[in-house]
Amino acid sequence: MSEHIPAPARQHDPHPAQPRTVLLRGGEVHSPADPFATAMVVEGDRIAWVGEEGAADSFADGVDEVVQLDGALVTPAFTDAHVHTTATGLALTGLDLSAAGTLADALARIRAYADARPSDRVLLGHGWDTSAWPEGRAPSRTELDAATGGRPLYLTRVDVHSAVVTTALLDLVPGIRDRSGFHPDAPLTGDAHHAVRRAAYATLTPAQRAEAQAAALARAASLGIGSLHECAGPEISGEDDFTALLALARQGNGPRVVGYWAETVASAKDAERIRELGAIGAAGDLFVDGSLGSHTAHLHAPYADSPSHTGTAHLDTDAVAAHVAACTEAGLQAGFHAIGDAAISSVVD
Ligand SMILES: [Zn+2]
């Protein structure tokens, strides 16, 4: 491979326009061009060559810098194909309950967080998971009301498909008790969950949102993610959140953001409006069903641990087909969120 590519810049022949050259060697360079590559040459911001150690010797004297990889792996930047950027950022900057080992521990963390943030209009948190808690249940609304001193609180389960909230947050959503997925003594799911999420995120200031989005993009970059797919939608994050993120990504040096908007398309006009938002598809989290952890993934057979449930179907086969046809005619990518086997059948059919 090396004989086809001119040797990189010589240090004896410096030229202002000549890009800096670096040889990385002694690692594992992941490239479809050469599955056994251990070395690569970078010229400026371009990869000029990948290959093996023997050939790397011929470059070593001519480059500006040689980096010994010591067996490290070099790969192209990753793509994260399913991201909720603002929620990810809020999880990074907000209350993280993923380390709470018990219900009592979780309540103590909620109380401390609320005390430390007296001026937040809404308290946001994420990551609780009762499966390993000795109490075996989620916090009750009464316990949350007490822990927050009666302030609005929105706390998503680790899979983000259900949430526990305080009475003060419910009070922000008229008619919430009549929505499907509202359970007086259990986490909210489905429509009720989507409604409280909208209310909670609606209270974020643009500055809070920008801070969260920037935190998420910085974290992605630190993990080697060069491109991420934002799975936005009217029931997930809202138009302002989506357009602000795309604008932020355009001006920054962070990962490229590809936007998907989760709304069904029935006409060319629908498709045009979604495209104007900056989305490349009416896809992503266009929910055919929910999630396994929240018992809302749509199954053919009942849940083993909840025999009266088969989950929730938001779109049937006809609705899926209509969306794909309308998107295809409009030249817009169609896509769906489908988790349970019955939901996947609806999409495949
Ligand atoms: Zn999602």
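Domain bounds in this description come from an automatic or database domain assignment. The protein is divided into domain 1 (2-76), domain 2 (85-202) and domain 3 (225-348). The structure is a predicted model, in which local features need pLDDT of at least 70 and side-chain atom pairs count only at pLDDT 80 or more, while totals for chains, interfaces and linings use all residues. Residues are numbered from 1 along each chain as its sequence is written, and side-chain values use heavy atoms, with hydrogens and water left out. Taken over C-alpha atoms, the centres of domain 1 and domain 3 are separated by 42 Å.

Grid points are joined across faces, edges and corners, and a volume is the space filled by probe spheres set on the points. The count is 1 cavity of 30 Å³ or more. The volume of the largest cavity is about 70 Å³. Its lining consists of H161, G190, H193, H194, F287, D289, G290, T296 and H314. Domain 2 (85-202) and domain 3 (225-348) each supply at least three residues to this lining. By class, the lining holds 1 nonpolar, 7 polar and 1 charged residue (Ala, Val, Leu, Ile, Met, Phe, Trp, Tyr, Cys and Pro count as nonpolar, Asp, Glu, Lys and Arg as charged, and the others, Gly among them, as polar).

The zinc ion is coordinated by H82 (NE2), H84 (NE2) and D285 (OD) at 1.9 to 2.1 Å. Donors are N, O and S atoms within 2.8 Å of the metal (3.2 Å for Na, K and Ca), and sites may look incomplete because water is not among the atoms. The spacing of the donor residues in sequence is H-x1-H-x200-D. H82 counts as partly exposed because its relative accessibility is 41%, a class lying between buried (under 20% relative accessible area) and exposed (over 50%), with a 1.4 Å probe and protein chains only.

Terms used:
On a 1 Å grid over the protein atoms alone, a cavity is a set of points where a 1.4 Å probe fits but cannot get out, and a pocket is an open set with protein on both sides within 12 Å along at least five of seven lines; lining residues have an atom within 4 Å of a point.
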